[in-house]
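Hello,

Here is the structure for you to look over. My notes follow below it.

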There are 2 protein chains.
Amino acid sequence: MTTQQLTEQIKKKKSFLCIGLDVDLNKIPKHLLKDEDPIFAFNKAIIDATHNLCVAYKPNTAFYEAYGLKGWKALEKTISYLNKNHPEIFTIADAKRGDIGNTSTMYAKAFFEDLAFDSVTVAPYMGKDSVEPFLAFKNKHTIMLALTSNQGAFDFQTKTVDGKELYKQVLETSKSWVNSKNLMYVVGATKAEYFADIRQIIPDSFLLVPGVGAQGGNLQDVCKYGMSSNVGLLINSSRGIIYASNEIDFAQAAALKASELQKQMEVILE
Amino acid sequence: MTTQQLTEQIKKKKSFLCIGLDVDLNKIPKHLLKDEDPIFAFNKAIIDATHNLCVAYKPNTAFYEAYGLKGWKALEKTISYLNKNHPEIFTIADAKRGDIGNTSTMYAKAFFEDLAFDSVTVAPYMGKDSVEPFLAFKNKHTIMLALTSNQGAFDFQTKTVDGKELYKQVLETSKSWVNSKNLMYVVGATKAEYFADIRQIIPDSFLLVPGVGAQGGNLQDVCKYGMSSNVGLLINSSRGIIYASNEIDFAQAAALKASELQKQMEVILE
């Protein structure tokens, strides 16, 4: 999927919502645990109930790896289900990978080829040659951590490096990498006041914005400072939507929460 | 396994060699491709031929994820085989993970509980609350990237942050984290001249050192500047050992290469 197609979907659905599929077997409705594949059963119900309200889904790989083979199988089934039934939806493997060149190429193959995600999140610490192997894939997107939503972001990301905060150095430096047009960035909603500065460096890039909902970020503030001419935002909510209820009505409850966010987005897009 | 037990193994085997199990189906001997599980067949043969010469094995998860379910299954079989037959060997999941707290906990469960590795590599960019969930596991080790072996290390890691290189800030800062005694660090062999400075900050911590072999690092230089009173080094070689031959004799050829490194280590340990 191209970024242009993504923007078209946003305008069509009047939504720039991304739903995080972080499935924890301790949090999903008890009745699903009898299912042969509770993780996929949960995801399928959430997707069926919310796909008109969002433009992207983001399974976080940690929640699948924690269940070993069964988890990886559920991840495969989830992405296959999305690609088959909702090919217009942008898919994000939230994996935060990054390694030396030949290893990053293997990760890129895992997520772009084997699983056929549209995008994957990566960490910048190892620099250019750890990210460029991902960028080499045509019409695939590499979403690099810039300024994350957690408290630990202040440990290194906001420290001053050669007169500029590290996350700004990361943004600046990455613009010179080969195929940098395939880059998007993670910027946490809990740090809305930083978006204006960030847009000075990367005016048009898409930003994946976690932290609305459970982590306390504010949608209006993020949009005020972070929206670009092509919208350029994917606002993620995971727990706030998928765990809205853990009863039999969980999917409808999730749709209701997603719908609340979509309606706020519709107003902002107008 | 405790670090004390690891040091005892090093002294017993006269080796601080770690062998990287980065299995690429395009590089392994052709005859193995007929096996039901070529990746595990390859690993098993390498382990059987080299386990007396090394103290650690390090599968890099990228090489397993790239083959989807089959790859993950081969990873499970490899770690089970090691834990069952060679419980004295230190196992490293080279995964370079790191995410917000509740997600890092899921990664820690994946590698420490589900797969039962002794250790996992993590990236520092997201700071304290992304690493501490790993550190909470007793007798498990979290190996954090400090100064990596690739060229991209110079993009951010060696940049000056508040008067000190970023990788030094990472080392310093991490010492204050809860359960920091469970930390080890990745420092590339290609940057041997940095080890003296690093030992000023973390005199006793174990360092996982990639970059000897295919990447050009020098064993003697690393040991000269990096060895601590408890040895404190795990020198990794992956491609240089496991792909020494891609013929029927591949395991013996790997053992020969491992033996060359072990003999150099024996001299250094004396």
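**Barrel and helix contacts**

A:L17 stands opposite A:I235 in strand 10 of chain A. Strands here are DSSP E runs of at least two residues, and helices are H or I runs of at least four, both numbered from the N terminus. This is a predicted model: local features need pLDDT of at least 70, side-chain atom pairs count only at pLDDT 80 or more, and totals for chains, interfaces and linings use all residues. Residues are numbered from 1 along each chain as written, chains are lettered from A and ligands numbered from 1 in written order, and side-chain values use heavy atoms, without hydrogens or water.

Strand 1 (residues 17-21) and strand 10 (residues 233-237) of chain A pair in the parallel sense over 3 bridges; pairing takes at least two DSSP bridges. In chain A, 8 strands close into a barrel, in the order 1-2-3-4-5-8-9-10, with parallel pairing. Neighbouring strands of this sheet are turned by 30° against each other on average, direction ignored.

Helix 2 (residues 38-50) of chain A lies across strand 1 and strand 2 (56-59) of chain A. Helix 2 of chain A runs at about 165° to strand 1 of chain A. Angles run from 0 to 180 degrees between N-to-C directions, with axes fitted to C-alpha atoms, for helices over the stretch in contact. Contact means heavy atoms within 4.5 Å.

Now chain B. The axes of helix 5 (residues 101-114) and helix 6 (residues 128-135) of chain B come within 8 Å and cross at roughly 30°. Residues meeting there include B:Y107 and B:F112 from helix 5 of chain B, and B:P133 and B:F134 from helix 6 of chain B.

Best wishes
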